[in-house]
Amino acid sequence: MDAPWFGFVLGVFASWRLAHLLAFEDGPWDLLARLRAALGNGVLGRLMDCFYCVSLWVAAPFGLLLGRTAQECALAWLALSGAACLLERMGRDPLMIQPLATEGEHHDLLRREADGTAEQSPNELQP
């Protein structure tokens with residue numbers, strides 16, 4: 001690997017793959033699922049459930065391999081984790097932000113009690 005960018009790209013994909021395996025997959029013979037269950041809701045268990053947390057720790061050894069100085073190792077570590085996080089975000093459904101209801105719109109789940117009476121939806125009316 002003479003080109004440094006090639007090592008970085010390999011490190012990005014390897015970081016993403018390992019972090020995804022640890023955070024979301026059961027692994028061979030359900031070993032990782034059993035490990036996550038054994039860790040429970042403690043600090044380590046919550047870290048294993050967070051892709052972004054796992055990607056930081058998985059990218060660390062790759063950063064050490066890619067950097068020549070301490071500064072390069074630290075920058076490579078964060079860059080590898082960041083790139084793995086971007087890859088993970090690309091594979092998810094986009095975040096949809098709903099606009100807030102404007103005054104005068106009727107919503108079944110919202111009630112207004114400004115004048116002391118609650119507005120009821122048609123489903124709540126008794127015959």
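Modeller: A salt bridge is a side-chain nitrogen of Lys or Arg within 4 Å of a carboxyl oxygen of Asp or Glu. The model here is predicted.

Biologist: With which residue does Glu72 form a salt bridge?
Modeller: The closest N and O atoms of the pair are 3.3 Å apart. That is within the 4 Å cut-off, so the pair counts. Glu72 is partly exposed at 30% relative accessibility. Its partner is Arg68.

Biologist: Is Arg68 buried or exposed?
Modeller: The relative accessibility of Arg68 is 73%. Exposed means over 50%. Arg68 is therefore exposed.

Biologist: How many salt bridges does the structure hold?
Modeller: One of them joins Glu72 and Arg68. Another joins the side chains of Arg17 and Glu25, at 2.8 Å from N to O. Arg36 also forms one, with Asp26. The total is 3.

Biologist: Which parts of the structure hold Arg36 and Asp26?
Modeller: The two residues are 10 apart in sequence, so the pair ties together separate parts. Arg36 is buried at 14% relative accessibility, while Asp26 is partly exposed at 41%. Arg36 lies in helix α2, and Asp26 in the loop between α1 and α2.

Biologist: Are the rings of Trp57 and Trp77 stacked or tilted?
Modeller: The centres lie 6.3 Å apart. Trp57 is in helix α4 and Trp77 in helix α5. The planes stand at 40°, between the 30 and 60 degree limits, so the pair is tilted.

Biologist: At which residue does α4 bend?
Modeller: α4 has 16 residues and spans 22 Å from first C-alpha to last. That is close to the 22 Å expected. The bend is about 35°, and Pro61 follows within four residues. The residue is Ala60.

Biologist: What do the buried residues of α4 pack against?
Modeller: The buried residues of α4 include Phe51, Val54 and Val58. Ser55, Ala59 and Gly63 are buried too. They pack against α1, α3 and α5.

Biologist: Which residues is Ser81 in contact with, leaving aside its neighbours within four places in sequence?
Modeller: Ser81 sits in helix α5. With 5% relative accessible area, Ser81 falls under the 20% limit and is therefore buried. Ser55 and Ala59 are also among the buried residues of α4. The contacts of Ser81 are Tyr52, Ser55, Leu56 and Ala59.

Biologist: Which residues do ring pairs link into a cluster?
Modeller: Tyr52 joins them in the cluster. The members are Phe24, Phe51 and Tyr52.

Notes. Residues numbered from 1 in each chain as written. Predicted model: local features only at pLDDT ≥ 70, side-chain atom pairs only at ≥ 80, totals over all residues. Heavy atoms only, no water. Phe/Tyr/Trp six-rings, centres within 6.5 Å; stacked < 30°, edge-to-face > 60°. Expected span 1.5 Å × (residues − 1). Bend = angle between axes of the 7 residues up to and from the residue. Buried < 20%, exposed > 50% of the residue type's maximum accessible area, 1.4 Å probe, protein only. Contact = heavy atoms within 4.5 Å.
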